[in-house]
Amino acid sequence: MNLMTVENISKSYGETVLFSDISFGINKDQKIALIAKNGSGKTSILKILSGQDVSETGQITQRKGIKVSFLEQEPSLDQNLTIEQTIFASGNEILNVIAKYEEALTNPEDQDAYQKAFEAMERYHAWDFETQYKQILFKLNLTQLDLKVNVLSGGQKKRLALANALINKPDLLILDEPTNHLDLEMIEWLEEFFRKENITLFMVTHDRYFLERVCNEILELDNNQLYGYKGNYSYYLEKREARIEREAVEQHKNQTLYKKELDWMRRQPKARTTKSKSRIDDFHQIKSLAHQRRKEHQVQLELNMERLGSKIVELHNLTKKFGEQTMLHKFDYSFTKGERVGIIGKNGTGKSTFLNILTGQESLDSGKIVVGETVKFGYYTQKGISIKEGQKVIDVIREFGDYIPLKKGRQISAQQLLERFLFDRKKQYDFVEKLSGGERKRLYLCTVLIQNPNFLILDEPTNDLDIVTLNVLESFLLDFPGCLIVVSHDRYFMDKIVDHLFVFKGEGVIEDFPGNYSDYRAYENSRVLEERAEKQNSGNKAEKQTWKEKDDSRTLTYLEQKEYKNLEKEIQKLERKKIELQQKFTDEGLSGEDINQLSIELGELENQIDLKTERWFELSAILED
């Protein structure tokens with residue numbers, strides 16, 4: 001069933017054309033991701049679909065009566081309302097139904113109005129609205145309903161906006177970077193929720209695991225052409241590569257034909273017959289095709305890094321509190337050359353505070369940091385670039401000099417450097433405030449790297465960057481010879497870049513884990529299963545001691561008991577196999593066919609785990625009765 005049809009939409013700002021004559025459709029239960037380079041107008045397309053902006057051409061037709069919700073990158077919420085008040089100020093249709101019912105109760109003599117209001121309450125299941133919104137808020141870890149929006153973190157605001165969107169029960173949910181500002185635990189919950197729910201999604205996201213596991217269709221906007229791929233991210237990568245190869249072959253054919261026709265034109269045939277005039281007309285079309293070029297420019301990253309000495313950074317008994325909340329408690333660590341550390345933990349556990357302390361932007365309560373003489377920090381913060389009114393892109397780089405030193409005594413001009421970061425000469429004279437979110441992040445990354453740091457600290461570097469730039473950044477960091485600390489909610493990025501993790505547990509506890517994020521999740525999952533098994537074993541002992549006191553209520557049969565014990569082992573085995581399969585996706589040597597097969601196997605495996613886990617809970621409930 002078609003929910004929305006988009007025909008020939010276009011958007012431009014001044015002389016800059018973001019996209020033109022774009023058409024596609026959205027059908028019920030599709031989970032579509034839109035992929036494009038930064039500055040291509042992805043957010044503009046989402047705003048046009050949601051009705052917050054209008055297209056310059058074409059039209060959008062949506063099915064009568066459908067509800068559309070839009071989760072923005074930076075939600076616009078009333079700062080003076082509480083979490084619960086925000087829900088009631090959302091304009092949800094059910095709230096109008098409840099209001100009319102309450103109004104009908106005050107006028108009992110108007111039986112027709114009361115009957116209509118009562119039927120509407122039944123039709124919208126409005127009797128349970130309070131229970132519904134509280135369930136969703138609690139699932140999103142928003143339990144203090146009286147907290148005001150102005151004291152919420154970026155992640156909490158994003159979750160509140162998401163709750164508003166979900167409570168509305170939309171027919172179509174439009175999402176702009178839904179994983180930004182969310183911690184890893186919440187991203188995984190959201191991923192699983194969207195994977196299982198029969199909900200129609202249209203999203204922009206850079207999270208490649210999210211794309212892999214949630215989406216069943218990818219739309220790619222490339223050189224103002226829209227390409228559709230009926231599959232997940234792995235399928236898209238395979239088919240995109242095949243498409244580019246076909247285009248290259250077609251381009252070669254066009255160029256060969258152009259040379260042949262050009263030779264004919266140069267001979268200037270005297271007899272202008274109808275046939276020759278037609279051939280002349282065709283020549284101009286062939287010339288246009290032959291001169292088409294793919295814009296495959298990629299960010300070029302290069303550092304003139306100073307060598308690190310033997311002493312790098314030593315942390316001695318670091319302690320930091322904010323009021324009663326402990327961020328660090330007597331933390332000790334010494335960094336060695338070439339370390340690649342990932343930092344994970346829930347929002348509010350002190351990750352950014354730790355980085356600010358390390359770089360001298362935050363003071364310690366006690367403890368000492370010793371920094372080696374050769375160490376030069378490069379700190380990419382979540383805040384991004386500070387925008388000065390009237391400042392142009394080229395001015396930002398010229399603050400560091402007209403010429404930037406590179407390796408082996410070479411140097412590069414500010415203009416040339418910006419071109420390496422995909423800002424053409426025209427774009428360099430745009431005002432910074434006019435750049436897209438991704439373009440600002442790319443410019444900010446440029447300002448950090450041109451200072452030639454040998455100890456890089458990246459706090460959420462993947463937010464707003466397009467996938468092409470992410471791949472380039474990953475390749476650069478893999479070859480980076482200095483020390484590296486990364487805070488990121490991008491699991492794919494973390495798996496590829498880091499060697500070990502600082503896991504911030506809260507209350508100042510930091511665990512040093514030897515492995516990447518997938519390794520850590522495998523460890524945590526196995527520990528949960530062990531605790532579950534241990535709990536079950538202690539439960540079995542208690543059951544043996546008290547069996548005489550039990551009544552004759554429902555108990556497990558012999559075969560069910562046997563099945564119950566086997567399920568534990570089977571679930572553990574399947575979880576281990578799932579981790580092994582997920583790790584295989586990081587192998588860059590995989591062919592498209594291999595990736596497709598792995599995706600199918602992973603989907604089947606997850607279904608088996610879900611079924612067996614549900615059965616385990618069913619049998620466990622009988623045991624506990």
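## Before we start

Since the model is predicted, local features need pLDDT of at least 70 and side-chain atom pairs count only at pLDDT 80 or more, while totals for chains, interfaces and linings use all residues. Residues are numbered from 1 along each chain as its sequence is written, and side-chain values use heavy atoms, with hydrogens and water left out.

## Rings that pair up

A pair of aromatic rings is described by the distance of the centres and the angle of the planes. Here, rings of Phe, Tyr and Trp (its six-membered ring) pair if their centres lie within 6.5 Å; planes under 30 degrees apart count as stacked, over 60 as edge-to-face and the rest as tilted. Searching the whole structure turns up 28 aromatic pairs. Take Tyr-333 and Phe-335: their ring centres are 5.1 Å apart and their planes are at 75°, so this pair is edge-to-face.

Phe-335 is buried, with a relative accessible area of 5% (buried means under 20% relative accessible area, exposed over 50%, partly exposed in between, using a 1.4 Å probe and protein chains only). Tyr-333 also pairs edge-to-face with Phe-502, at 5.0 Å centre to centre and 80° between the planes. That pair links distant parts of the chain: Tyr-333 is in strand β11 (residues 325–334) and Phe-502 in strand β19 (residues 500–506), 169 residues apart. Helices (H or I, at least four residues) and strands (E, at least two) are DSSP runs, numbered from the N terminus. Both Tyr-333 and Phe-502 are buried. Zoom out, and you'll find one aromatic cluster whose members include Tyr-333, Phe-335, Phe-502 and Phe-504.

## Charges over rings

Now for some arginines. The charged end of Arg-213 sits over the ring of Tyr-209, 4.4 Å from its centre. Arg-442 lies over the face of Phe-423, at 5.0 Å from the ring centre. To qualify, NZ of Lys or CZ of Arg must be within 6 Å of the ring centre and within 35 degrees of the ring normal.

You can find Asp-176 in strand β6 (residues 172–176).

## Salt bridges across the chain

The count comes to 26 salt bridges. In one of them, the side chains of Arg-521 and Glu-188 meet at 3.3 Å, N to O. Arg-521 lies in helix α17 (residues 517–545) and Glu-188 in helix α7 (residues 184–196), so the pair ties together parts that are 333 residues apart in sequence. Arg-521 is partly exposed, with a relative accessible area of 27%.

Arg-195 forms a salt bridge with Glu-606, and their closest N and O atoms are 3.6 Å apart. Since Arg-195 lies in helix α7 and Glu-606 in helix α19 (residues 592–624), the pair ties together parts that are 411 residues apart in sequence. At 10% relative accessibility, Glu-606 counts as buried. Another salt bridge joins Glu-220 and Arg-243, with the closest N and O atoms 2.9 Å apart. Glu-220 and Arg-243 are both buried.

Technical notes. Salt bridge = Lys/Arg side-chain N within 4 Å of Asp/Glu carboxyl O.
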